[in-house]
Amino acid sequence: MSASSSFSSAISPAELEARLRLHLLPELGPRRFRKLLSAFDSASAALSAPASAWRALGLPAACAEPRRSAEIRERARVALQWLEAADQHVLMWDDPSYPALLAELVDAPPLLFVAGEPGVLEAPQLAMVGSRRASQPGLDNARAFARSLAAGGFVITSGLALGIDGAAHQGALDGGGKTVAVLGTGLQCLYPRRHVGLAARIIEQGGALVSELPLDCPPQASNFPRRNRIISGLSLGVLVVEASPSSGSLITARLAAEQGREVYAIPGSIHHPGARGCHQLIRDGATLVESIEHILEALRGWQTPGGQPAPAAQSRAELHPLLTLLHAAPHSSEALAYSSGWPLAQVLAALTELELDGLVCCEGGRWLARGP
């Protein structure tokens with residue numbers, strides 16, 4: 001693991017190798033991965049446990065059989081070698097630097113491979129998604145919105161696909177901002193190849209490429225819908241720029257709503273098929289967006305287009321340091337304690353006072369700043 005990773009001191013090299021091996025096993029998704037770690041306390045113990053113990057947990061033979069194979073060991077060795085580079089990392093779900101918003105998902109990835117700056121994943125993010133076969137006005141809108149939102153202090157998160165995704169990443173970079181690309185392939189199999197140069201720019205400008213998939217995982221159709229929950233899970237909200245009713249972007253929007261995130265949609269001409277998905281979202285309750293002000297208002301004025309905190313947020317943040325964190329993103333009590341460096345008891349006492357003052361509220365186990 002790269003020396004810059006905070007997790008390197010908290011996990012032994014043997015345990016890291018064991019987790020990488022577990023992650024490579026077929027039919028072992030996030031829930032089964034956590035079940036194994038919970039049952040055996042470590043990946044190393046899980047790998048050395050008898051097959052009968054795996055069967056007792058309800059895991060299929062396809063999971064257990066290859067765990068000691070030469071192929072799995074070799075692929076884990078290659079992953080460890082990849083992690084030796086300074087800007088290549090792996091974040092585990094129990095790592096303190098794992099993105100707090102994403103960690104709240106019941107099927108949060110047990111590990112994330114990150115190329116670039118992992119710290120950007122904790123910054124306030126807005127996802128932008130849409131059609132791969134977008135119209136020119138749709139592409140122009142995506143670039144313009146991403147440029148302005150990035151200038152306003154948001155990291156723009158998308159999926160590196162052709163069309164709206166690529167335009168959103170490009171707009172953020174053109175505006176001097178940072179952007180995160182969540183891939184539906186392994187990080188050693190960048191797809192589409194047309195965006196290899198764009199991926200390099202994302203890293204150069206302080207952003208990151210992210211994937212939950214093994215590094216050598218090639219493009220597979222079933223993996224692209226899976227990554228949508230990560231795009232929405234990392235973000236405070238999702239903006240759908242242009243989408244047909246059958247677009248995968250609507251999956252991302254639905255997941256965002258289920259995760260308690262904001263959903264925004266840009267309307268279009270009633271004669272343009274690419275606008276119908278957005279119109280459906282608006283009918284279903286998404287916020288209709290005609291300018292970035294609509295998004296900034298809905299996110300309680302976290303920042304203004306100039307990149308400075310909005311006046312109301314600024315004055316409140318000056319009164320209490322926890323509000324600064326909560327205006328950036330919702331946090332659990334534990335996450336606030338970690339981010340502020342305060343003891344948990346002190347954080348809980350402060351939150352009680354802020355709640356009585358009407359400045360914060362707790363929803364679904366997360367604390368949110370109230371008002372603009």
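The report below treats strand pairing, helix packing and a few individual residues in turn.

## Basis of the description

The structure is a predicted model, and the values given under each heading are to be read with that in mind.

## Strand 2 and its partners

Strand 2, formed by residues 111–116, is mostly covered, with 6 of its 6 residues buried. Strand 1 (residues 88–92) runs antiparallel to strand 2 and is joined to it by 5 bridges, while strand 6 (residues 208–211) is likewise antiparallel to strand 2, with 4 bridges between them.

Opposite Val-114 of strand 2 stands His-89, and in strand 6 the bridge partner of Val-114 is Val-210. In a regular strand, side chains alternate between the two faces of the sheet.

## Helix 1 against helix 2

Two packed helices are described by the angle between their axes and the distance between the axes. For helix 1 (residues 13–24) and helix 2 (residues 30–40), the axes come within 11 Å and cross at roughly 140°. The two helices, helix 1 and helix 2, are therefore oblique to each other, and the crossing in which helix 1 passes helix 2 is right-handed.

On the side of helix 1, the contact involves Glu-15, Arg-19, Leu-22 and His-23, which meet Phe-33, Leu-36 and Leu-37 in helix 2. Sorted by class, the residues of this contact between helix 1 and helix 2 comprise 4 nonpolar, 1 polar and 2 charged.

Helix 9, spanning residues 164–174, is mostly covered, since 9 of its 11 residues are buried. The buried residues of helix 9 are Ile-164, Asp-165, Gly-166, Ala-167, Ala-168, His-169, Gly-171, Ala-172 and Leu-173.

What covers these buried residues of helix 9 includes both strands and helices, namely strand 3 (125–129), strand 4 (155–158) and strand 5 (179–182), together with helix 8 (136–151) and helix 10 (196–204). Just after helix 9, Gly-176 adopts a positive phi of about 75°.

## Helix 17 against helix 18

Helix 17 (residues 333–340) packs against helix 18 (residues 344–356) at an angle of about 115°, and their axes are 9 Å apart. Helix 17 and helix 18 are therefore roughly perpendicular to each other, and helix 17 passes helix 18 in a right-handed crossing. The contact is made by Ser-333, Glu-334, Leu-336, Ala-337 and Ser-340 from helix 17, and by Leu-344, Val-347, Leu-348 and Leu-351 from helix 18. By class, this contact of helix 17 with helix 18 has 6 nonpolar, 2 polar and 1 charged residues.

Ser-333, which lies in helix 17, can be followed individually. Because its relative accessibility is 12%, Ser-333 counts as buried, the cut-off for that class being under 20%. Leaving aside residues up to four places away in sequence, Ser-333 touches Leu-344, Val-347, Leu-348, Leu-351 and Trp-367.

Methods:
Residues numbered from 1 in each chain as written. Predicted model: local features only at pLDDT ≥ 70, side-chain atom pairs only at ≥ 80, totals over all residues. Heavy atoms only, no water. Buried < 20%, exposed > 50% of the residue type's maximum accessible area, 1.4 Å probe, protein only. Pairing = 2+ DSSP bridges. Axes fitted to C-alpha atoms, helices over the stretch in contact; angles between N-to-C directions. Parallel < 35°, antiparallel > 145°, perpendicular 65-115°, else oblique. Left-handed = near helix turned anticlockwise from the far one by under 90°. Contact = heavy atoms within 4.5 Å. Nonpolar A, V, L, I, M, F, W, Y, C, P; charged D, E, K, R; others polar.
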